[in-house]
Amino acid sequence: MSPEQSWKSLRDDLAADPAPVKPLRPLRALAPWGLLIVLGLLTVLIATVGLREDAASLGPIWLWLPSLIELAMAVWLLAAGLEETTPGRGLNKRMVAVGVGTGILTHCAVTVLTQQKGSGLSTGSMAAGKLFSCFGAELLLAIPILVVAALILRRGLTTRPARAGIAVGIGAGVCADALWRLICPYGDFRHVLSAHLTSIICVLFLGWLVGYGWDRWRLRNWRRKAAPPSSPSS
Amino acid sequence: MPIQRAADAAPSSARASDTRDASVSGHLNASMAAYQAGNIDAFEVVYHHLRPKLRRYLGSLTLNATLADDLLQETFLQMHRSRHTYLPGRPVEPWAFGIARHVFLMDRRSGIRRKRDQHDAIPDEMPLPEPFSDSTDRTHLQRAVATLPEASREPLLLHHVWGFSFQEVGDLLGLRAGTAKVRAHRAMQQLRSLIRGKE
């Protein structure tokens, strides 16, 4: 088929859907919305649960600075994942590995710093109860962020959904931890590692699972469309 | 020894992207913006500019003329469905090649056409890297390029034929720019040794 013939045939197909489209918003245009979501979650948290018990002994700098560091890391991870919405741009494996490693390291470093400056409260006999409440709370905080990120990825043409899922998963997990850090005063490593870090890893896994599942679903649809029609049995 | 001389003269830093015509690029961007605004005819400019490049790119990926033609048409349809993902002001080519690669990978992963078309190699249409493009023995070179491993052939062609920077190649293939550069360099070395072996 000559280029002219191909163009004519293609043009007929395109003419079926000539509606103008709104281009995807650049990431910097999404930043105010992201900030609004985080501020909304923060307001709800502080209004319902209140700031951590040792907020006064920590002082404003050691109360807010660790969370801001974690939030900055989360924004970077989410932005890296959302780059995948545009074909021809996106994540390489090393960036994903560095992102996951840096996210977890930031969480651990900030935890050590906060523990040194904080009241040194330990969960002690309440370890099991606090484990589930902190784990659940962080998961609940992370899920809306993950859902919004997944919707943005869904709107684009994400060519590597599993990778993007991992990046936005760890980003959402770290973001939720940054918020919950303002509430949970317990700094003992057993609690932090079992409740907080585990929830970050779970959200990461959830992000990967969503990306992977979506990729499989898309592939199944592709197969269905591309498969030659089955001949009627005689 | 024309091929040998061409291979030896191949500048490692040859970058066709430096010579990419800025006015053509601007015209393409404007056409894409008009197309996004609902002007289907504006896409004709994009189509005629991209068609030969994408056809050869898909040919180099599939090594199969029939399949490349099918995937080319599917690529343009996918571009239409995903036209909102083009960010105005950004270069059109990396976006279009990204979609073509996605279409190719989805088709390959679906495994539907693999068995049917696997023996229809197209070395005749295999593009040649810049230092070899004027060579008299094209068929021999095209066969040599076709025998390169896919992982290194793709960065080589994207950089030396279509003029993408290594950063763009890395973004397209999901690799670091440095890895893309190393793979392209290895492919060029392999190509030189293949040519030397034949002579």
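Reply: Begin with the polar contact, a pair of N or O atoms within 3.5 Å; within protein, one must be able to donate a hydrogen and the other to accept it, and residues adjacent in sequence count only if both atoms are side-chain atoms. Between chain A and chain B, 16 residue pairs are in polar contact, both at pLDDT 80 or more. Three elements of chain A give two or more residues to the side that touches chain B: α1 (3-15), α4 (93-117) and α7 (189-226). α1(A) gives the most, with 9 residues. Helices here are DSSP runs (H or I, at least four residues), numbered from the N terminus.

Me: What kind of model is this, and how are residues and chains labelled?

Reply: This is a predicted model, where local features need pLDDT of at least 70, side-chain atom pairs count only at pLDDT 80 or more, and totals for chains, interfaces and linings use all residues. Residues are numbered from 1 along each chain as its sequence is written, chains are lettered from A and ligands numbered from 1 in the order in which they are written, and side-chain values use heavy atoms, with hydrogens and water left out.

Me: How many residues does each chain bring to the contact?

Reply: Contact means heavy atoms within 4.5 Å. Chain A brings 43 residues and chain B 42 residues. Buried area is the accessible area (1.4 Å probe) that two parts lose on being put together, summed over both. For chain A and chain B it is about 3800 Å², with 61% on carbon and sulfur atoms.

Me: How many salt bridges cross the interface?

Reply: A salt bridge is a side-chain nitrogen of Lys or Arg within 4 Å of a carboxyl oxygen of Asp or Glu. The rule finds 3 between chain A and chain B. Among them, Arg11(A) pairs with Asp41(B) at 2.8 Å, N to O.

Me: Where is Thr159(A), and which residues does Thr159(A) touch?

Reply: Thr159(A) sits in the loop between α5 (127-155) and α6 of chain A. Leaving out residues up to four places away in sequence, Thr159(A) touches Glu84(A) and Arg218(A), as well as Gly98(B) and His102(B). The side chains of Thr159(A) and Glu84(A) form a polar contact of 3.4 Å.
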